[in-house]
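Colleague: I would like to learn how to read a model of this kind, one feature at a time. Where do we begin?

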Amino acid sequence: MAALSFGIFQYIGPNGTVGSAWQHPEDTSAEFTTLSHWTALAEKFDAAGLDFLFLADSYGFPALDGELLGAAVREGRGVPQGDPMPLVSALAAVTRRLGFIVTTSTTVEAPAANARRFATLDHFTDGRVGWNIVTGSSGATAAALMGKELISHDLRYDMADDYVDVNLTLWEGSWEDDALVRDKEAGVYADPEKVHLVHHDGPYFRTDGILNLPPSPQRTPLLVQAGASGRGRQFAGRNAEAVFVGGGEPATVARNVAGIRESAVAEGRPADSIRILVGALFITAPTSEEAWAKHAQMLELSTPEGAAAIYAGNTGVDLLALDPDRPIAQTSTEMGQSNLERYLGKDGKPAPLVRDILENFRRTGINGSVFVGSPEEVADQIEAFAAETGVDGYLVQPHLTPGTYDDLIELLLPVLRERGLAAPLAAPDAPPTTLRERLFPEGGPHLPATHRGHGFRAGR
Ligand SMILES: Cc1cc2nc3c(=O)[nH]c(=O)nc-3n(C[C@H](O)[C@H](O)[C@H](O)COP(=O)(O)O)c2cc1C
């Protein structure tokens, strides 16, 4: 098996993936408002040769019918959550190779504002930035916060396609490659013949103007996506270069992976033009017994009320209000669909009961795969799951910060590297690459010719 990619999952708040981990004496995630907390983590990930740090984000928060969910506030789950964007420049300054994938929602800001901010960050990171394009989780609360109505699920994706096009038009279409002159003697900063006004008049968004910044190393940041509904997969096939999928049953993940690759092909792109990474939690320790003890301790910090609050915030479905002895009757939602579809019963299996769904969600969290054992056992699971599902890598979710990552770096990575499942550490004198080249070493820093955004290029 070729080397897998390994990214780190974090959001700007307390807690890991399962339960309210901030309470653990060794957990530092409650320091999330301190810059040094983040620079120390980024330096650690960079030194370990991990591919990127992914910063999740949402303006949404756990609430139902306009009421804030008390369990979420009490346990610090989904409330609070800070904006990841301001962090990235500071983290770029203390790292050399680590990529940064930052989430913004297509339902919040005007697309031209998003394009300008990412282009600026692509400069400041030397081309190490990626954009996780979401239509916004916990959509109802996010919409209300912005003073808007919740847009229906599929329409959000239709609008997101158009939103991406505005961004691509600005990134690719405004400046030709050699537009920047910077000739002090001649007094020419840029060649006016090679800086173009762009026009986009789409079904939902319009722009007439320029990206007011010379081309950055990648021009378009690495385009990432994380919604797994049918419409989400179609969006991925059209736009994404990397996709984060939730974990869970290997057969379900495999189907999801195949669906994403099919939608890329349907858009005229190669099936392997998308790197697919699965969210997973690795609980490891020198021995299997110690790892299982850590797992038990993790579950002690995970309450049904906290899990139900996160589930409700994500899907709009309150598991605590449903009959525990029946399956979920609802089969669709205008909020996030992945965590509803996950429990509808597939492959001829009966749909699970609400009490089992809650327990499964309490134990595995929003993305669903938990691997427990000694480093060799977890490496076996990592290899088997990737072989069975066809994923290209893992988005490593924390239980304890930084403990889960220390275990990954000190215990697991050496085993993965020995087996060729993780890329070797780069030589200290090897030049850093852009994030796009890191995930696609055979390509260049810009969007490949098979991506539709390539056609938006100025001067072609
Ligand atoms: C690993 C992973 C990370 C995600 N990160 C975010 C995030 O940062 N912000 C967000 O709003 N949604 C995030 N999502 C959720 C999806 O982007 C999407 O909003 C949700 O799955 C609903 O879309 P769907 O109905 O197409 O599944 C993430 C999902 C996964 C699997």
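Predicted model: local features only at pLDDT ≥ 70, side-chain atom pairs only at ≥ 80, totals over all residues.

Colleague: Is Arg156 buried or exposed?

Modeller: The general idea is a cut-off: a residue counts as buried under 20% relative accessible area. Arg156 has a relative accessible area of 5%, so Arg156 is buried.

Colleague: Which residues is Arg156 in contact with, leaving aside its neighbours within four places in sequence?

Modeller: Such a list shows what the fold brings to a residue from elsewhere in the chain. For Arg156, the contacts are Thr107, Thr135, Leu150, Ile151, Glu334, Met335 and Gly336. Take Thr135 as a case: Thr135 and Arg156 are 21 residues apart in sequence, and their C-alpha atoms are 6.2 Å apart in space.

Colleague: What about Tyr157?

Modeller: Tyr157 also lies in helix H6. Its relative accessible area is 7%, so Tyr157 is buried. Beyond four places in sequence, Tyr157 touches Thr135, Gln225, Gly227, Ser229, Arg231, Gly232 and Phe235.

Colleague: Now the ligand. How many residues surround the ligand, and which are the closest?

Modeller: Start with the shell, then look at single atoms. The shell holds 23 residues, and the closest are Asp57, His153, Tyr157, Ser229 and Ser338. By class, the shell divides into 10 nonpolar residues, 12 polar residues and one charged residue.

Colleague: Which helices and strands each supply at least two residues of that shell?

Modeller: There are strand S2 (52–56), strand S6 (129–134), helix H6 (153–173) and strand S12 (242–245).

Colleague: And the single atoms?

Modeller: Here one asks which part of the residue faces the ligand, backbone or side chain. For His153, a polar side-chain atom lies 2.6 Å from an oxygen atom of the ligand. For Asp57, a backbone N or O atom lies 2.7 Å from a nitrogen atom of the ligand. For Ala228, a backbone N or O atom lies 3.1 Å from an oxygen atom of the ligand. As for cover, the ligand on its own has 620 Å² of accessible area, and the protein covers 92% of that.

Colleague: Where does Asp57 lie?

Modeller: Asp57 lies in the loop between S2 and strand S3 (63–64). Its relative accessibility is 16%, so Asp57 counts as buried. Not counting residues up to four places away in sequence, Asp57 touches Gln81, Gly82, Pro84 and Thr103.

Colleague: At which residues does UniProt place the feature "binding site"?

Modeller: A record is read separately from the coordinates. The unreviewed UniProt entry places "binding site" at Asp57, Thr103, His153, Tyr157 and Ser229. The UniProt annotation "domain: Luciferase-like", also from an unreviewed entry, covers residues 24–392.

Colleague: How is the chain built over residues 24–392?

Modeller: Over that range the chain is 41% helix and 16% strand, with the end C-alpha atoms 32 Å apart.

Colleague: How should I read a polar contact between two side chains?

Modeller: Look at the pair of residues and the distance, then at the surroundings. Asn339 lies in helix H11 (residues 338–341), and its side chain joins that of Asn314 in a polar contact of 3.3 Å. At 7% relative accessibility, Asn339 counts as buried. Leaving aside neighbours within four places in sequence, Asn339 is in contact with Tyr311, Asn314, Thr315, Phe361 and Ile366.

Colleague: One more residue, then. Where does Arg436 lie?

Modeller: Arg436 lies in helix H15 (residues 435–439). Its relative accessible area is 2%, so Arg436 is buried. Beyond four places in sequence, the residues that Arg436 touches include Gln218, Thr220, Glu241 and His446.

Definitions and conventions. Residues numbered from 1 in each chain as written. Heavy atoms only, no water. Near = heavy atom within 4 Å. Polar contact = N/O pair within 3.5 Å; in protein donor to acceptor, adjacent residues only side chain to side chain. Areas by Shrake-Rupley, 256 points an atom, 1.4 Å probe, with all protein chains shown as cover. Helix = DSSP H or I, 4+ residues; strand = E, 2+ residues; numbered from the N terminus. Nonpolar A, V, L, I, M, F, W, Y, C, P; charged D, E, K, R; others polar. Buried < 20%, exposed > 50% of the residue type's maximum accessible area, 1.4 Å probe, protein only. Contact = heavy atoms within 4.5 Å. UniProt positions renumbered as here; feature names shortened; annotations may be inferred.
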